[in-house]
Amino acid sequence: RWISKQRHFIYQNTRAYSRKAAKIKRTKEKEELRRIRVYSTYSISIQSAIRQDQGNRDPKTNVRLRNLLDQARKDDVPKRVIEKALKKSDNDDMIPIHLAVRKGLVMVVFTCNVERTKQTALRHVFMGYVRKHAPSAQVVDSSQISQCFEQVCEVIVSPQEKEDYLEELFLEHDVDVTVSAVGEEDKVDEDEAILRIRADDPKKMVTIEQLLTSNEATNEGIIVHEITPSKFIPIDYVELKDEDVYSELEKLWTYVEENEETYDSRYSNI
């Protein structure tokens with residue numbers, strides 16, 4: 001009986017410890033998500049402040065940038081995060097390019113950021129990747145991407161209760177966008193309801209970004225979490241029955257993602 005009581009005591013304490021450990025873990029994960037969100041918001045805002053002042057990176061003359069940097073330091077944003085945001089804004093000569101490969105109805109699109117002078121060289125390198133890892137597939141011109149994908153630009157913002165305000169803001173400035181609630185699987189923070197702003201013309205991104213990072217939007221409490229200047233949404237998904245084709249394409253995109261420094265995102269219709 002004494003041994004039974006001891007086992008029960010140990011069992012109860014073990015359960016209590018497990019619950020406590022799980023609670024601590026959830027708290028840490030939640031804090032980490034909040035920290036990432038804050039860092040991401042500052043990074044985007046810093047780059048936007050520089051672009052809107054015609055590339056001016058001098059805090060002495062760029063008032064908005066100076067205020068952001070001061071606030072970032074007060075919020076204990078690491079120096080590396082600030083320096084990375086400033087460095088990103090330095091890449092004015094970087095342009096996005098889209099590399100597409102097709103096999104029948106299946107298409108895979110890779111988006112990359114590369115210097116203007118190196119885009120032709122990157123296309124040749126990509127063709128070499130395809131010949132080596134997916135010989136049965138064909139590299140296609142970026143103009144053919146529209147046959148399988150709809151190209152959009154997208155911004156993730158919060159809080160969700162500002163949906164009506166944002167719709168009025170874009171309507172007032174004659175910017176055609178769709179504002180919708182983000183699903184559970186895409187949330188930045190499990191406790192925060194956020195919004196997706198999507199436009200069917202990537203050229204609108206500059207105007208959208210300017211409106212979302214304006215003083216008016218900031219005063220309304222709008223927080224920008226993520227900006228995707230170019231995103232490809234499949235028009236129709238294709239059921240791939242040939243395992244060999246899938247294996248080839250998988251080898252290709254794995255190789256590109258692991259070996260190409262300019263790689264940004266991948267989209268497919270399978």
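Reply: Setting aside residues up to four places away in sequence, Phe 149 touches Met 107, Val 109, Phe 232, Ile 233, Pro 234, Ile 235, Tyr 267, Ser 268 and Asn 269. The model in which these contacts are found is predicted. Phe 149 belongs to strand β4. Its relative accessibility is 3%, and because buried means under 20%, Phe 149 counts as buried. The C-alpha atoms of Phe 149 and Asp 236 are separated by 8.0 Å, although the two residues are 87 apart along the chain.

The strand that holds Phe 149 comes next. Strand β4 covers residues 149–158 and pairs with β7 in the antiparallel sense, over 9 bridges. Within this pairing, Gln 151 stands opposite Phe 232 in β7, and Phe 232 is also one of the residues that Phe 149 touches. β4 and β7 belong to an open sheet of 4 strands with the order β5-β6-β4-β7 and antiparallel pairing. The edges are taken by β5 (178–181) and β7 (223–234); each has a single partner strand, so one side of each is left without a neighbour in the sheet. From one strand to the next, the twist averages 25 degrees. In a regular strand, side chains alternate between the two faces of the sheet.

Helix α6 (residues 205–212) lies across β4, β6 (195–199) and β7, and runs at about 5 degrees to β4. A further partner of α6 is helix α5 (residues 163–172): their axes come within 11 Å and cross at roughly 125 degrees. The two helices are therefore oblique to each other, and the crossing of α5 and α6 is right-handed. Leu 166, Leu 169 and Phe 170 of α5 make this contact with Ile 208, Leu 211 and Leu 212 of α6. By class, the contact of α5 with α6 comprises 6 nonpolar residues, with no polar and no charged ones.

β2 is joined by 5 bridges to strand β8 (residues 263–268), and the two run antiparallel. Thr 111 stands opposite Ser 265 in β8.

Helix α4 (residues 119–133) packs with helix α8 (residues 243–259) at an angle of about 140 degrees, and their axes are 9 Å apart. That angle makes α4 oblique to α8. The crossing of α4 past α8 is right-handed. On the α4 side the contact involves Phe 126, Tyr 129, Val 130 and His 133, and on the α8 side Glu 248, Lys 251, Leu 252, Tyr 255, Val 256 and Asn 259. The contact of α4 with α8 has, by class, 6 nonpolar, 2 polar and 2 charged residues.

Finally, the chain as a whole supplies the setting. The protein chain comes to 8 helices and 8 strands, and 36% of its 270 residues count as buried. Among its contacts between residues at least 6 apart in sequence, 71% join residues at least 24 apart.

Technical notes. Residues are numbered from 1 along each chain as its sequence is written. This is a predicted model: local features need pLDDT of at least 70, side-chain atom pairs count only at pLDDT 80 or more; totals for chains, interfaces and linings use all residues. Side-chain values use heavy atoms; hydrogens and water are left out. Two strands pair if DSSP finds at least two bridges between them. Axes are lines fitted to C-alpha atoms, for helices over the stretch in contact, and angles run from 0 to 180 degrees between N-to-C directions. Contact means heavy atoms within 4.5 Å. Angles under 35 degrees count as roughly parallel, over 145 as roughly antiparallel, 65 to 115 as roughly perpendicular and the rest as oblique. A crossing is left-handed if the near helix is turned anticlockwise from the far one by less than a right angle, and right-handed if clockwise. Ala, Val, Leu, Ile, Met, Phe, Trp, Tyr, Cys and Pro count as nonpolar, Asp, Glu, Lys and Arg as charged, and the others, Gly among them, as polar. Buried means under 20% relative accessible area, exposed over 50%, partly exposed in between (1.4 Å probe, protein chains only).
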